[in-house]
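Thanks for making the time this morning. I would like to walk you through one model, so please have the sequence and the coordinates open as I talk.

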Amino acid sequence: MSTTGDAERKTAGDPVTPATVPDPPPGVFAPAYRLISVAVIAMVTIVAFEFMAIATAMPTAAEELGAVRSYGLAFSVMLTGQLLGIVLAGVWSDRSGPMPGLVAGQLLFAGGAAICGLAGSFPVLLVGRSVTGLGAGLVVVVLYVVIGRVYPAGLRPTVFAWVSAAWVLPALIGAPLSGWLTTAFTWRLVFWVVVPPALMTLAMIVSQRRAISRTGDTESDPSERASHRRTAGAGVLVALSAGLLQLGTYDQVRVFSWETGAAVLGVVGLLVVTPRLLPPGTLRMAAGLPSVILSRFFLNAAFNGTITYVPLMLTQERGASVSLAGILLAVGSLGWSTGSWIQGRPRFTGRRWVLVSAGGALVATGAMVMVLLTAFGLSVWFFAPAMVFAGLGMGLGSTSLSVILLDLAPVSEHSSASASLQLSDVLGSVIGIAVASALFATLHTAGGDRHTYIAIWSVLAGVAALVVVSGRRCRAPSADQDVAAR
């Protein structure tokens, strides 16, 4: 009788019966996933460190290589390489799986960093930066494919949380550590230091190739492959156009020259091809998703164009150490983290467009504070609040736009909408730095560049101010959807 009762309770799913209690799901660092998880997090950390640390070391590198006038090109050329890697990664993964692109991307990233460290001239440094960017673009995109293949749906949010966290530590210590390495040893060490861990993480991921390759091996639809190829072709044209724009602006003069012609051709190429990769109406700031994409473009253009020239100004114009410049960049990262935390509060549900506009206003405020500090020659320590303003604006605006994007786009279009947002991120950074580089190259003088930095940050403050307008056109349709998107 008792046995029958026990059997009935088990059949009915009696929660008291131990046999009916489901096993807890495996964690991200369970034995089956441990090496892959460590490798994924390490790869993201290394890429993040390279992005954060190089900005601090670059003024010293540019001065030693006699290329202060072309300083901005060292940043924008990497972004162009990254843009090319992003658009190629999807097609490559679709055709051959994630492993070839991941291996190639990590080798290119490590090889590019090694080339930069060995560079005896600025053109060689640019080659290394291009190769590094191409590798980073491949790695970042293919890692998402790996996560989708290896981890069950229930574990993916945790994996992405670790991926996001992998950017925090490099943001906080990357720039100060880079300043110390540059001052105590050499700027070349900032590039070389990422090579050994990059190769080690590559070995770890290759050791798990069977686990990665045996999942998700389904044939994609031929029409989908054709669409990917068309997208990749358009992306290549965008990357080439961005390259022409950079080539034409890095050494600009006040008279028409072949550089001017290259810049004009690059702009025309971007205007013709880029709309094919973005939602219709983006260029005219149409309400909804197009304004989300455009707001992200303006934010990245203003922020990255602004902070790129902060270390150069502090070290070349004000005589600050590279370590101090690194500390100030880290302060900006703290502002970004704070803004990201604030935007997640429930009180902003259904009203995130307000945070987008506020983010644009804060980035513009940060740039204008830099203008005033430069014009009146105030202490370099006052750049700390300016960096906080700019970082806080990016944390509020950029993160809110990611949430609004998923709110506005149908589930079936999340992939294409996210790709458009990623394109606007990189392209905005390229254009912002190109504009700053053109102004610097045109106005740069040997006697001092105070007026040059004032012009750069004034223009970029105007770009950030556009987000105040475009943000108002990014309204989410309902609070319920906003909660679901988060």
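How many disulfides does the structure hold? The structure holds zero disulfides, where a disulfide is taken as a pair of cysteine sulfur atoms within 2.5 Å. As for individual cysteines, Cys116 counts as buried because its relative accessibility is 0%, and Cys474 likewise counts as buried at 0%; buried here means under 20% relative accessible area, exposed means over 50%, and partly exposed is in between, with a 1.4 Å probe and protein chains only.

Before going on, let me say how the values were made. This is a predicted model, in which local features need pLDDT of at least 70 and side-chain atom pairs count only at pLDDT 80 or more, while totals for chains, interfaces and linings use all residues. Residues are numbered from 1 along each chain as its sequence is written, and side-chain values use heavy atoms, with hydrogens and water left out.

On confidence, then: pLDDT is the predictor's confidence in each residue, from 0 to 100, and the protein averages 80, with 82% of the residues scoring at least 70. Confidence is highest in helix α16 (residues 352-376), at a mean of 94, and lowest in helix α20 (residues 479-485), at 40; helices are DSSP runs of H or I with at least four residues, strands are runs of E with at least two, and both are numbered from the N terminus. Over residues 477-486 the pLDDT stays under 50, and the model has 20 contacts for them beyond four places in sequence, a contact being heavy atoms within 4.5 Å. Where pLDDT is low, the predicted coordinates should not be read in detail.

Let me turn to the charged pairs. With a salt bridge defined as a side-chain nitrogen of Lys or Arg within 4 Å of a carboxyl oxygen of Asp or Glu, the count comes to three. One of them joins Arg129 to Glu50, with the closest N and O atoms 2.9 Å apart; because Arg129 lies in helix α5 (residues 122-150) and Glu50 in helix α2 (residues 34-64), this pair ties together parts that are 79 residues apart in sequence. Arg129 counts as buried at 3% relative accessibility, and Glu50 is buried as well, at 2%.

Another salt bridge pairs Arg188 with Glu64, at 3.4 Å between the closest N and O atoms. Arg188 lies in helix α8 (residues 188-192) and Glu64 in helix α2, so the pair ties together parts 124 residues apart in sequence, and Arg188, at 16% relative accessibility, counts as buried.

Arg296 forms a salt bridge with Asp425, the closest N and O atoms being 2.7 Å apart, and this links distant parts of the chain, from helix α13 (residues 289-308) to helix α18 (residues 414-443), 129 residues apart. Both Arg296 and Asp425 are buried.

One backbone detail deserves a look: Met285, a residue other than glycine, has a positive phi, near 55°. Met285 lies in the loop between α12 (258-273) and α13, and is buried, with a relative accessible area of 18%.

Finally, the second largest pocket is lined by 20 residues, among which Leu270, Leu271, Phe297, Leu427 and Ile431 lie nearest its centre. The elements giving two or more residues to this lining are α11 (222-249), α12, α13 and α18. A pocket is an open set of points on a 1 Å grid over the protein atoms alone, where a 1.4 Å probe fits, with protein on both sides within 12 Å along at least five of seven lines, and lining residues have an atom within 4 Å of a point. Which element gives the largest share of the lining of the second largest pocket? That is α18, with seven residues.
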